[in-house]
Structures are given as C-alpha cells and as structure tokens.
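Please look at the sequence and the coordinates first.

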Amino acid sequence: MQNFKFSVPTELIFGREPEAAFKEQLKKRNVKNVLFHYGGGSIKKNGVYDMVSEALKDLGINSFELSGVQPNPRVTLVREGIELCRKNNVDFILAIGGGSVIDSAKGIAAGIAYDGDVWDLYIGKSQMSDLKGPLTPIGTVLTIPAAGSESSPSSVVSNDEGLMKRDIGSELLIPVFSILNPEYTFTLPAYQVACGCSDIMAHMFERYFTKEKHVDVTDRLLEANIRSMLHFSKLAQDFQTDYDIKAEVMWAGTIAHNDMLSTGRVGDWASHQIEHELSAIYDIYHGEGLSIVFPAWMRYCWKEDPARFLQFFRRVFDVDYAGDQALHAINEGITRLENYYTSLGLPIRLSQVKIGEDRLREMADKCVMHRGDAIGNFKHLTADDIYNIYKLAL
Ligand code: NZQ
Ligand code: ZN
C-alpha cells in the first residue's frame, strides 16, 4: 500500500428538505453575487429551480443565470460564464444539475483565475498548479447520481473545435458544499439512470484494476459497493420515486468517486480516456460509452494480471472456476458484466450506437495526444493498443 493523504473538503448535505441547510451554506459564506449555472431545463420541472431561486431571493443575493449546459459540456459556454462572472463580480458559483453542469462551473472558476484562454488548462498548455487559490468557490445541488463531480477535483469539458474532450484536476476545484437530495433524482428518465449507474460502476472498476499489492481493505470496500450497485441499478430504473432505492444509488455515486476508494493505490483510468474520445466526436452519453469500452478493455487487458481479474469476477460476479480455466472464467465474468449493462438497456458494442470503423484510428491517435504517447496505469496502452480495443468493441 502506498502512502496517502486523504480528505474530503466538500460538506455533503444528504437527504430530504435541504432548503434550510442550503441557505445556511450561502449565508455563512456571506455570498453577494452568485452565478446560477444549470443545464437544459430539467430543474424547472422538478422544483429544484424554484428551491434555489427562492433561497437566493430570501437571502437577498444577486443572481446571474447561465443555463444551457449540454451533456458533454462545451468550452464555449465556459468562456461565456467566465466573462459573466468577471463583469458582475461573482463571488460564488452555484452548479445546479449533473456532472456536466458541475464540470462547466469548475471550468468557469478556473478560467476566472487564469489570464488566457481556459482551454489551455485542459490541453496542458498551462497548469492548474500555476493558478493561485482560492478560486471562486462552487456549491452544487446534484440532480443525477453519476459523475461524482459533486466532491471530485476534476472537470471534463469538450471543445467542438477539434472535437476533443479533456479533463483538468486540482484540489482547488473541489466544491465547498453539495446538496444530495435523492428526491431530486425522481424525474430522471430511465436511460439516464442507467448511464449514471454505468459511470458509478466505472469509477470503481478503474480503481479496482491496480498493480498495487496489499490493498485488501480498499479491494473489499470496492467489491461491496459494486455488489450494491449490481443490486440497486435496475431497481432505481423500475422504482423511479422510491426514496430508499434512490438514496442508495446517490450515495454510491459520491463514494465511488471521492478518493476514499483510491487510498493507497493507483487506479487505471484508460477506459475513461478511451470513452472520452467517443463522447467528444459522437456526443454520446459518458455512461453509454463506458458500457461499450469496459468489456473490450477487460478482454484486451486481463492477461496483465489474471489473478486480479479472477479475484474480481469471483468476489463480485460469483464466477466459480478451476485453476486451469482462467480464460473461461474471465470470459464468463465479462459476459455477466455485459448482461448487467444489457439489463439496463445500455449498449455493449459500438454498432449499437451506430459507430463504425471509420474514425477508430483517429480516436486512438487523439487519445494519447498530450499524454506522452500512452495511457493507463494497470496496463500502459499505446495508440495501437487503443485501436485494438475499439475494434474489439465494434
Ligand atoms: O440538462 P438538463 O435538462 O438538466 O438534463 C440533464 C441531461 O440531459 C438530465 N438530467 C439531470 N438531472 C435530471 C435530468 N433529467 C431529469 N431529471 C433530473 N433530475 O440528464 C442529462 C445528463 O446530465 P449530465 O450532467 O450530462 O450527466 P452526468 O452527471 O452523467 O455528467 C456527465 C459528464 O460528466 C463527465 C462526463 O465525461 C460527462 O461529460 N464526468 C465528470 C467527472 C468528474 N468531474 O469528476 C468524472 C466522470 O468520469 C465523467 O467523465
Ligand atoms: Zn466517469
């Protein structure tokens, strides 16, 4: 196990009737001018917009609205947000929605503090470590359990120029508070529930596949959470307004991606980068991209450490195997994972989202760009490896 430093600076306020706690968070920070950032309008249909607006009115806080964040948030709107915040002396950013809104808000916070085009930070032309904190603080009201951005240090943003999707990571970007009310997720369409569950699972798979030895405690925490998600994902689709089920998934989403489950180990993260090329070019949902990429990544990479894969499939998917039947057991495990995705209506092959062979090479090359010609910590993958993984996913 490696040395580590771990803290979750985000105040997580979980549960029903969060109005008073939400107001308290803004009041104690003496917020004057807020950027009220949100997406395509779902928050106007489920009461979240009204809750936030009324709180801001009661507290006498000036609110500057910026809506229209798309799934796979675009840097163009981030740039707009930076200008709006600078012009109006915004001292707090409220991200009301899912991972896309929160990531866009993080991009805005970073951009305000950067003397140049914010995209430079995403492509590594400038470093987050060059920014002097504290940045404009961010608070979130989460409406979809998925990305884990409500307490993560990352922001993932797309640029239509060059069709790229890139991330930045810094402790400076971690939200100061997040409101997690499972009731706010009742209006999620079933397919979004599935995409969210797929992302939550992927965050745990990425962490599970490590080369680090002697990390049994975090292995078992991961296995328990993954098993819980296997149980609750379909239920969350079928019982849209069941508070207790939604609460389990919402909490799993946060736990999966605040770094408690990474303590003492280094995760892989290649599948995320391979997926981001898909959502950059084809604008598919991150969760549906992951349900396609992960089985292919597993098929390609299991030989790197068969014992770890066998442990995973035995403990999580109850795959029984005899000593000389590793390949059979791995195949069986991957099939069970695919069956889980399929049961939620998610795709497991590129053809199911109408992606063909034509741009696979381009995506593989772009995936290693700015990244030292290889990705992945469990197995280092070159552009050729990534191309082979895309082909396995066809
Ligand atoms: O835009 P609105 O109208 O709000 O609709 C959204 C959007 O269409 C809808 N939605 C959200 N809450 C709803 C709802 N519809 C009805 N009722 C509700 N309660 O859901 C759609 C998807 O929203 P989005 O924010 O895009 O989803 P998600 O949270 O999955 O975020 C995906 C983004 O996060 C990035 C992904 O790459 C992707 O761009 N990620 C961010 C990470 C991070 N910052 O740590 C890590 C992840 O691995 C991921 O890469
Ligand atoms: Zn993810």
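Is Arg336 buried, partly exposed or exposed? At 30% relative accessibility, Arg336 counts as partly exposed, where buried means under 20% relative accessible area, exposed over 50% and partly exposed in between (1.4 Å probe, protein chains only).

This is a predicted model, in which local features need pLDDT of at least 70 and side-chain atom pairs count only at pLDDT 80 or more, while totals for chains, interfaces and linings use all residues. Residues are numbered from 1 along each chain as its sequence is written, and side-chain values use heavy atoms, with hydrogens and water left out.

**Salt bridges**

Three of them are set out here.

| Salt bridge | N to O distance | Location |
|---|---|---|
| Arg336 and Glu332 | 2.7 Å | helix α13 (residues 326–343), four residues apart |
| Asp238 and Lys234 | 3.0 Å | helix α8, four residues apart |
| Glu304 and Lys211 | 2.9 Å | two loops, 93 residues apart |

Glu304 belongs to the loop between α11 and α12 (306–317), whereas Lys211 belongs to the loop between α7 and α8 (216–238), and their pair links distant parts of the chain; helices (H or I, at least four residues) and strands (E, at least two) are DSSP runs, numbered from the N terminus. Glu304 is partly exposed at a relative accessible area of 32%, and Lys211 is partly exposed at 37% relative accessibility. Elsewhere, a network of salt bridges links Asp216, Arg220, Glu223 and Arg315.

**Aromatic pairs**

There are 25 aromatic pairs in the structure, counted when ring centres of Phe, Tyr and Trp (its six-membered ring) lie within 6.5 Å, with planes under 30 degrees apart taken as stacked, over 60 as edge-to-face and the rest as tilted. Phe92 and Phe177 form a stacked pair, 5.9 Å centre to centre with 15° between the planes; this pair joins strand β4 (residues 92–97) to strand β8 (residues 177–180) across 85 residues, and both Phe92 and Phe177 are buried. The rings of Phe205 and Phe294 have centres 5.3 Å apart and planes at 80°, so this pair is edge-to-face. Phe205 lies in helix α7 (residues 190–208) and Phe294 in helix α11 (residues 286–301), 89 residues apart, and Phe205 and Phe294 are buried. One aromatic cluster includes Phe205 and Phe294, with Trp297 and Phe378 also among its members.

Technical notes. Chains are lettered from A and ligands numbered from 1 in the order in which they are written. A salt bridge is a side-chain nitrogen of Lys or Arg within 4 Å of a carboxyl oxygen of Asp or Glu.
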